[in-house]
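Let's walk through a protein structure together, one step at a time. Have the sequence and the 3D view ready as you read.

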Amino acid sequence: MRLPIAAGALVAIATSLSPTQAFTASPSLSSSFTSRRSYVPRNVHRSQPRRASTISSLQMSADLKVGVVGATGAVGKEIVGCLEKRSFPVGNLRIFGSERSAGKEVETKFGAVTVELFSEDSARECDVVFLAVDGDFSLAHAENICAGDDGAVVIDNSSAFRFTDGIPLVVPEINAETTKGKKLIANPNCTTAIGLMAVWPLHKLFGLKKMVMSTYQAASGAGQPGMDELVDGTKAVLSGERDVAENKIFAHPLPFNVIPHIDKFQENGYTKEEMKVTWETRKICGLGDDFPVSCTAVRIPTSRAHSESIVALFDKPVDVAAARKTLEEAPGVKLVDNPDKLEYPMPLTATGQYDIEVGRLRENIAFDNALEFFVCGDQLLRGAALNAVIVAEAMLDNGALVGSS
Ligand code: 2RA
């Protein structure tokens with residue numbers, strides 16, 4: 001079966017977001033806790049001391065045919081990196097791209113891989129395909145890649161299917177069981193995935209009633225072009241070449257600025273990025289369609305870790321010590337909350353890490369039964385690539401993903 005490629009859709013393969021999506025788009029305390037701490041140079045991965053989730057050794061022994069579409073973009077590169085570092089059972093790695101990248105060679109732990117021109121037929125030959133492409137491309141091809149008993153499992157990083165009934169939207173530490181028997185899985189928006197890693201354990205403890213989030217989002221949310229625009233613009237201003245940086249990706253110059261605008265404005269005055277936090281929180285956590293979640297999403301001039309200030313209101317009275325203990329034990333979460341030593345979550349320390357950092361934990365003084373805290377997470381890892389790879393691991397574990405001969 002040969003199915004057509006949507007005209008123009010491949011143009012966006014090399015980056016995870018189009019420019020349009022990026023902006024129109026896109027003292028002393030007595031109780032201090034730090035579970036682990038280490039500084040990581042920007043964009044450098046240190047060895048990961050623990051895994052955000054585990055899969056059984058039996059299933060790890062299967063060798064899978066793995067496809068990555070968009071592997072030359074910022075998220076795609078990290079997917080390949082996660083497959084390598086987490087010892088995902090890759091028997092054969094295939095990288096698919098546009099005409100522009102087809103034929104290029106990519107060095108991987110699994111050997112040198114020549115980028116193939118994408119076709120649905122080729123992608124269907126894989127056991128699992130990670131899509132790190134834009135929503136139009138996913139809409140055109142994802143369902144065809146996974147159709148039928150012989151189709152591949154597809155884990156889609158775009159927003160194309162996040163709110164489609166019957167398609168799971170998954171943060172594996174929260175709702176991995178929803179992938180059972182499914183072949184198309186939606187990966188959440190980075191902002192939601194990072195925040196919910198901290199909110200979910202607290203929800204289980206106290207029962208979430210409402211949530212208000214304010215974000216401080218890195219340039220990487222707009223893909224490699226966003227990171228490049230930040231670095232180039234900062235250099236241009238610091239060298240005296242320009243008074244104010246140029247902007248093509250973001251709505252305004254990002255260097256030396258903050259921009260309270262990510263994704264398109266909606267009729268209710270929120271942006272789509274903000275509403276994604278509301279809609280995705282409801283779906284992933286199994287909350288009602290009118291569950292109250294409000295977000296203000298802001299782009300700041302950092303490279304690749306998103307930060308979030310969260311006020312969570314609960315049904316039950318909150319106990320800060322119990323909350324700390326729960327967060328310390330939560331998979332994929334690192335409690336960094338030691339103000340006496342100036343230790344709290346920061347993009348600098350969260351960059352390159354699998355775990356999200358949570359800290360500045362305190363009882364909120366404006367609302368009853370409310371906690372306030374600060375979260376940082378690597379936008380390209382927990383916010384995208386790592387989450388997708390752990391979804392695949394969970395599917396190996398529950399039998400939704402099996403190797404074919
Ligand atoms: C952003 N959340 O930061 C988006 C990317 N998925 O722009």
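H306 is buried because 30 other C-beta atoms lie within 10 Å of its own. Here, a residue is buried if 20 or more other C-beta atoms lie within 10 Å of its own, exposed if 12 or fewer, and partly exposed in between, with C-beta atoms placed from the backbone. You will find H306 in strand β12, residues 305–314. Helices (H or I, at least four residues) and strands (E, at least two) are DSSP runs, numbered from the N terminus.

Before going on, keep in mind that this is a predicted model: local features need pLDDT of at least 70, side-chain atom pairs count only at pLDDT 80 or more, and totals for chains, interfaces and linings use all residues. Residues are numbered from 1 along each chain as its sequence is written.

Which residues does H306 touch? Not counting residues up to four places away in sequence, its contacts include C190, T191, I194 and G221. Two residues are in contact if their C-beta atoms, placed from the backbone, lie within 7 Å.

Now turn to C190, which is found in helix α7, residues 190–206. C190 counts as buried because it has 29 C-beta neighbours inside 10 Å. Leaving aside neighbours within four places in sequence, C190 is in contact with G221, H306, Q379, G383 and A384. An unreviewed UniProt entry lists C190 and H306 for "active site". Although spread over 117 residues of sequence, they cluster in space, with a largest C-alpha distance of 8.2 Å. UniProt positions are given in the numbering used here, feature names are shortened, and annotations may be inferred rather than shown by experiment.

Next, look at helix α10, residues 320–329, whose buried residues are A323, R324 and L327. These lie on the same side of α10, because they cover an arc of only 100 degrees around the axis (the arc is that of the directions from the helix axis to the C-beta atoms). An α-helix has 3.6 residues a turn, so residues three or four places apart point the same way. On the other side of α10, A321, A322 and E329 are exposed.

Finally, how far can you trust the picture? The mean pLDDT of the chain is 88, and 84% of its residues reach 70 or more; pLDDT is the predictor's confidence in each residue, from 0 to 100. Over residues 1–51, however, pLDDT stays under 50. Where pLDDT is low, the predicted coordinates should not be read in detail.
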